[in-house]
Amino acid sequence: GEVLKNLNKFYKRKEIQRLGAENGLDARLFHQAFISFRKYIMESSSVSADLHIILNDICCDAGKVCPLGHVDDLFPFFLRHAKQIFPMLDCMDDLRKISDLRLPPNWYPDARAIQRKIIFHAGPTNSGKTYHAIQRFLSAKSGIYCGPLKLLAHEIFQKTNDANVPCDLVTGEERVYANEDARQAPHIACTIEMCSTNTPYEVAVIDEIQMIRDPARGWAWTRALLGLCAEEIHVCGEAAAVDLVTELMYTTGEEVEVRNYKRLTPLTVLDDALESLDNLRPGDCIVCFSKNDIYSVSRQIEARGLECAVIYGSLPPGTKLEQAKKFNDPDDPCKILVATDAIGMGLNLCIRRIIFNSIVKPTVNEKGEKEIDSIPTSQALQIAGRAGRFGSSFTQGEVTTMHREDLVQLKEILSEAVPPVKAAGLHPTPEQIEMFAYHLPDATLSNLIDIFVSLSQVDGMYFVCNIDDFKFLADMIQHIPLNLRSRYVFCTAPLNRKEPFVCTTLLKFARQFSRNEPLTFDWLCRHTKWPLAAPKNIKELVHLEAVHDVFDLYLWLSYRFMDMFPDAALVRDIQKKLDDIIQVGVCNITKLIRASQSAAAPGTAEVVSEDFPTAKRDARVASDRRGAKSPGALSIAVEAPALRRARNPRASRSGTRQEDLKSYGRGSLANRLLREGLLTQEMLRQLESEWQDQHRNGRYGFGSKRDDQHSSKETGKKRK
């Protein structure tokens, strides 16, 4: 007991904590080291003689005027123990130098060796800012275009070659040469992660610069902005990024010329919500934030005798382009588009009116928890701006919501100023991680990344990007024997960790790679069960999308390990065939939904997609308060009133209980109880009557003082 008391006294002393910090033990490491040190002393059958003597002096002389020992005398033994469990403490100075991220401009000596001219084209969607930058790109002797999406890179690649300017395409999965002899063309269109910081160009274009703040990919924009070796850098994006770009360029000694653009066609926020799918017009685009809503809304549209195109994020690029082409074609009967926020960039669409099916979106916070929050102003403007594209058949854009109660909040969101971009993303390089591994040879890659981030120093203009996906893959393949550089490459593979089939495939790729066995076309066909048939339901369509991602993964790895992934050309051929199969499935999506529902449990109101958050799914009910053609028609996926009230405390509470009951009356629970004989229509009517009576009598407290107080507190909270 006396030993434990003195150990705790040692832990609490400020002088000891300060000494720990001087030796590389921050608060977290100090705490972990002390817990281990205390356990070692208290549970060991014996300790070293010198430590035993110190403990004896401290405990036996406690209370004496001139004690032989003091708890501070334990520090050398504590530090020795800490270095055993945290080996990096012996080389902390070296590790701190390696992870010092305070001067990123110095990482790019080629760019610093020339005086670059920076031109910022600032403006909203559909203002012509990118057009003017591309015109300069086309007139240059050499140039590079860096975009956020494969679709955008492919579009610039085609436009440049159509203008008789030879241009290569470089993405993570492929390289397409303009010249038949595979000579590198003077112009390149690439995804931003693939840009070269060593090749000199006359002109470089960096598109969507506001994504420099992206928590996962922002590092790629920072690298391009600071590192591209070009005489002119044309930066395109929101005006909210102007101040940050100017500050970053001040550190490199380069001035920024800002050219402001205004929207080329007017955009009007309507005063009326759509309220019913019966009010749809040609050129309308309904924007949803989940596959679940996409499936539900698209089926209801076709139930009304209308044809619609469908676009969402996990569709292959070819399928997205085909759906966009179908919607844009004036001779095609398809005049309605149902899409996710994937239409925000990368696709040219002839949209008259944007209709937000919802203004809340499932998100994942910094702790990895799922939340439902209002869409930010930047994203709302990006999506709304797709209406009334300049040069299309619609000279004016319109935007509204599906539900009346959402319209007021949408107007507020769109009227708010876009918050300025505060910081640019950074990411540890392979060279930095290799130097860490040299000092810490026994640490896993995941631990190396953790230590790097904990020791890294950044100034106020930068932040270290989220590395959760990297660590997830590092932990997943940790047991597979790979050299560090190969392991790092596998961990940077672009895949969705929510897709089990893709993650399992990466694991198999890594295992076979470690055995030095090439991953052949035949092996991949066996693994994916190719050839595949057209999907018969939504589940099969989702699986085909996952297989397409597996082919993408193979091509991405083949670009980095050509000898081990030798059949890229064959895989690219079957990927195109798979794209065609998926297109057939998307064109028949309503049939797939019906097949899925008939195969589901009786009473299931909606097709539930795998990636849809449970909290959001449970909060939605299938109801169509207006415009349902028949009792059997699938109703619009309308958010539960409770969810709408939670995200919009200003919304009126009147009639909500009656609304709730009607929703439940048409929902799956009521139908199942009726079928099983546990509930009759008369009982349902009686329940509705009692519910309304109780509401009028205030038994649920909706008009009570307590509820008003609760409501007033909620209005000050973040809407979720």
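# Close-up views of a predicted model

**View A. Cys167 has His187 in strand 5 as its bridge partner.** This is a predicted model, in which local features need pLDDT of at least 70 and side-chain atom pairs count only at pLDDT 80 or more, while totals for chains, interfaces and linings use all residues. Residues are numbered from 1 along each chain as its sequence is written, and side-chain values use heavy atoms, with hydrogens and water left out. Strands here are DSSP runs of E with at least two residues, and helices are runs of H or I with at least four; both are numbered from the N terminus. Strand 3 (residues 167-170) and strand 5 (residues 187-191) run parallel, joined by 4 bridges. Two strands count as paired if DSSP finds at least two bridges between them. Which way do the side chains of strand 3 point? Cys167 and Leu169 point one way, Asp168 and Val170 the other, and all are buried. Buried means under 20% relative accessible area, exposed means over 50%, and partly exposed lies in between (1.4 Å probe, protein chains only). In a regular strand, side chains alternate between the two faces of the sheet.

**View B. Strand 3 and strand 4 form a hairpin.** There are 4 residues between the two strands. Strand 4 covers residues 175-176 and pairs with strand 3 in the antiparallel sense, over 2 bridges. Leu169 has Val176 in strand 4 as its bridge partner.

View C. Strand 2 (residues 143-147) pairs with strand 6 (residues 201-206) in the parallel sense, over 4 bridges. Cys146 has Ile206 in strand 6 as its bridge partner. Contact means heavy atoms within 4.5 Å.

**View D. Strand 1 (residues 117-122) is largely enclosed by the rest of the structure, because 5 of its 6 residues are buried.** Strand 1 runs parallel to strand 7 (residues 230-237), and 6 bridges join them. His121 stands opposite Cys236 in strand 7. Strand 1 also pairs with strand 8 (residues 256-260), in the parallel sense over 5 bridges. Here Ala122 has Asn260 as its bridge partner.

View E. Strand 10 (residues 284-287) pairs with strand 12 (residues 336-339) in the parallel sense, over 4 bridges. Asp284 has Ile336 in strand 12 as its bridge partner.

**View F. Helix 22 (residues 538-558) packs against helix 24 (residues 589-599).** The angle is about 120 degrees, and the axes are 8 Å apart. That makes helix 22 oblique to helix 24. Angles under 35 degrees count as roughly parallel, over 145 as roughly antiparallel, 65 to 115 as roughly perpendicular and the rest as oblique. Which residues of helix 22 and helix 24 meet? Ile538, Lys539 and Leu541 in helix 22 meet Ile589, Leu592, Ile593 and Ser596 in helix 24.

**View G. Helix 19 (residues 484-491) is largely enclosed by the rest of the structure, because 6 of its 8 residues are buried.** The buried residues are Ser486, Arg487, Tyr488, Val489, Phe490 and Cys491. They pack against helix 16 (430-439), helix 17 (445-455), helix 18 (468-476), helix 20 (500-514) and helix 22.

**View H. Asp73 lies in the loop between helix 4 (49-60) and helix 5 (75-85).** Asp73 is partly exposed, with a relative accessible area of 32%. Asp73 and Asp57 are 16 residues apart in sequence and 10.0 Å apart in space, C-alpha to C-alpha.

How values were computed: Axes are lines fitted to C-alpha atoms, for helices over the stretch in contact, and angles run from 0 to 180 degrees between N-to-C directions.
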